[in-house]
Amino acid sequence: NVKSFEHIFETLIGNSIKAMSGNSGNIIKCSGAIKGDSFEIHFSDNGSGIPKKIRDRIFDIYFSTTEEQGGAGIGLYIVKTRIEAMNGTVDLIENELKPTGTTFKIVLPFKQEIHA
């Protein structure tokens, strides 16, 4: 679904821009690779990052750290819901753009197994 992918990347890019506000030398990086029967995407930025104490809540509906920037806490929830609807996964992993920032790993299957 093209619209789902558009929304997923618009949300991730928007979140990155918020996390990098006030910084210089901003980087947003998206890379992909085929791994077996899946397509793995890494989406990274060198923004302020996500504190360890809230990492387990970032995909919760209405959880936001950017209320003052217009965040409503539904973006990452919808990203996760849409990816899971495609039988994929999204996880926060160790950031590839050190020393600060965030990296999400999205895994989408090429084929869906049919179980009888």
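Author: Happy to. Among contacts in the protein chain between residues at least 6 apart in sequence, 55% join residues at least 24 apart; a contact here means heavy atoms within 4.5 Å.

Reader: Thanks! Before we go on, what should I know about the model and the numbering?

Author: This is a predicted model, where local features need pLDDT of at least 70 and side-chain atom pairs count only at pLDDT 80 or more, while totals for chains, interfaces and linings use all residues. Residues are numbered from 1 along each chain as its sequence is written, and side-chain values use heavy atoms, with hydrogens and water left out.

Reader: Got it. How many helices and strands are there in the protein chain?

Author: The protein chain has two helices and four strands. From the N terminus on, they run α-β-β-α-β-β. Both kinds of element are DSSP runs, numbered from the N terminus: helices are H or I with at least four residues, strands are E with at least two.

Reader: And what share of the residues is buried?

Author: Buried residues make up 33% of the 116 residues. Buried means under 20% relative accessible area, exposed means over 50%, and partly exposed is in between, with a 1.4 Å probe and protein chains only.

Reader: Let's zoom in on α2. Which of its residues are buried?

Author: Helix α2 covers residues 75–85, and L76, V79 and I83 are buried there. Looking down the axis of α2, the buried residues fall within an arc of 55°, so they line one face of the helix. The arc is taken from the directions from the helix axis to the C-beta atoms.

Reader: Why would residues a few places apart point the same way?

Author: An α-helix has 3.6 residues a turn, so residues three or four places apart point the same way.

Reader: What about Y77, is it buried or partly exposed?

Author: Y77, which sits in helix α2, is partly exposed, with a relative accessible area of 33%.

Reader: Switching topic: how many aromatic pairs does the structure hold?

Author: The structure holds two aromatic pairs. F9 and F43 form a tilted one, 6.3 Å centre to centre with 55° between the planes. This pair links distant parts of the chain, since F9 is in helix α1 and F43 in strand β2 (residues 38–45), 34 residues apart. F9 is partly exposed at 21% relative accessible area, whereas F43 is buried at 3%.

Reader: And F59 with F104, why is that pair edge-to-face?

Author: The ring centres of F59 and F104 are 6.0 Å apart and the planes are at 65°, so the pair is edge-to-face. Rings of Phe, Tyr and Trp (its six-membered ring) pair if their centres lie within 6.5 Å; planes under 30 degrees apart count as stacked, over 60 as edge-to-face and the rest as tilted. F59 lies in the loop between β2 and α2 and F104 in strand β4, so the pair ties together parts 45 residues apart in sequence. F59 is buried at 13%, and F104 is buried at 7%.

Reader: Last topic! How many salt bridges are there?

Author: The structure holds five salt bridges, each a side-chain nitrogen of Lys or Arg within 4 Å of a carboxyl oxygen of Asp or Glu. Among them, K29 and E96 meet at 3.8 Å, N to O. K29 is in strand β1 (residues 28–35) and E96 in the loop between β3 and β4, 67 residues apart.
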